[in-house]
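This note concerns the disulfides of the structure shown below. Please keep the structure in view while reading the numbered points.

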Amino acid sequence: MESWILGLFVFLFLASAKTSKARNSASFYSNYYVTWGFDHALPINNETEIQLTLDQTSGSGFESKWRYGSGFFHIRMKIPDKNSTGVLTAFYLTSRSSDHDELDFEFLGNNTAPYTLQTNVFANGQGGREQRIHLWFDPTKDFHSYKILWNQHQIVFYVDNVPIRVFKNNRKMGVNYPNQPMQIEGSVWNAEGWASGGKRTDWNQAPFKAYFREFDINGCVLHDYAVEKCYSSHFWWNREKFWKLNPKDLKAYEHVRTKYMYYDYCSRYSKPPPECKSNQ
Ligand SMILES: *[C@@H]1O[C@H](CO)[C@@H](O)[C@H](O)[C@H]1NC(C)=O
Ligand SMILES: *[C@@H]1O[C@H](CO)[C@@H](O)[C@H](O)[C@H]1NC(C)=O
Ligand SMILES: *[C@@H]1O[C@H](CO)[C@@H](O)[C@H](O)[C@H]1NC(C)=O
């Protein structure tokens with residue numbers, strides 16, 4: 001009971017903590033470019049923000065100019081409002097190779113809060129690691145921060161600085177761990193069917209508009225050297241502080257798992273995959 005209350009306190013503290021950094025004003029084009037749905041992508045606010053639109057003719061997406069071998073990636077975004085059932089807004093890292101690595105934030109459209117955030121982890125082509133939480137706020141109303149930490153010790157997904165998912169490097173247990181250069185991607189597309197419990201997207205509600213901001217990138221760019229160079233403690237996100245959650249973050253993470261997670265792939269198995277226990 002006591003620890004539950006402490007968890008709630010820490011959780012609220014983290015959720016309300018604002019980043020101390022000055023407002024981020026990197027231009028979209030400094031690190032990213034539009035890859036598809038060119039006439040459905042609109043840079044605004046002096047290119048510090050991009051609006052992606054989905055209608056019956058197309059969605060749209062962008063990706064980073066470079067590939068990364070580690071980092072603490074972030075974006076601020078606002079997902080489409082109105083009844084967006086069937087619409088999927090995504091922010092993710094992917095290696096795009098044949099046996100690919102991928103780390104996904106996927107926001108499922110809905111008519112009203114609570115909205116579902118699904119995360120997934122692919123390593124060496126193997127995915128099927130979906131987890132779903134109900135967000136504790138309405139992500140269509142305002143910008144919120146979404147981050148992915150990726151170093152050689154752990155991968156952590158954060159929502160407004162609250163850890164919502166941990167995937168540890170469990171290679172010792174024989175679990176594959178993402179180690180291929182990945183690009184950062186953002187998109188909005190029609191995922192009616194799987195993202196909507198079989199319901200069709202209501203095109204009378206279109207256009208669906210998603211907004212992304214903060215385009216600076218804390219990552220190890222792979223220009224001409226091996227990915228191993230990205231594991232150096234020269235990069236701050238590889239330092240010991242980021243090898244595991246601190247006690248405060250751990251409490252907040254446990255709180256999310258108890259209160260907001262409603263689906264975990266681990267529960268599909270009578271004998272869960274080896275990583276399940278250690279990631280909880
Ligand atoms: C727009 O951004 C550029 C740099 O990307 C900056 O030099 C310029 O002052 C900005 N303009 C306004 C009106 O903020
Ligand atoms: C959509 O919202 C309803 C509440 O109106 C909620 O019960 C349901 O879980 C939500 N569905 C998804 C996929 O988030
Ligand atoms: C939202 O749209 C979905 C898909 O078209 C539909 O099934 C659902 O009834 C709509 N919800 C409301 C409250 O209108």
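The points below take the disulfides in turn.

1. The model is a predicted one. A search of the whole structure finds two disulfides. A disulfide is a covalent bond between the sulfur atoms of two cysteines.

2. One disulfide is formed by C220 and C230, whose sulfur atoms are 2.0 Å apart. C220 belongs to strand β15 (residues 218-221), while C230 lies in the loop between β15 and α3 (247-259), so the bond ties together parts that are 10 residues apart in sequence. The angle about the S-S bond is -70°, and the link of C220 and C230 is left-handed.

3. Are the cysteines of this pair buried or exposed? C220 has a relative accessibility of 1% and counts as buried. C230 is likewise buried, with a relative accessible area of 0%. Both values may be judged against the cut-off, since buried means under 20% relative accessible area.

4. Another disulfide joins C266 to C276, with an S to S distance of 2.0 Å. The pair links distant parts of the chain, 10 residues apart: C266 is in the loop between β16 (261-264) and α4 (275-279), and C276 is in helix α4 itself. The torsion about the S-S bond of C266 and C276 is about -90°, and therefore this disulfide is left-handed.

5. C266 is buried, its relative accessible area being 8%. C276, at 4% relative accessibility, counts as buried too.

Technical notes: Residues numbered from 1 in each chain as written. Chains lettered and ligands numbered in written order. Predicted model: local features only at pLDDT ≥ 70, side-chain atom pairs only at ≥ 80, totals over all residues. Heavy atoms only, no water. Disulfide = S-S within 2.5 Å. Helix = DSSP H or I, 4+ residues; strand = E, 2+ residues; numbered from the N terminus. Buried < 20%, exposed > 50% of the residue type's maximum accessible area, 1.4 Å probe, protein only.
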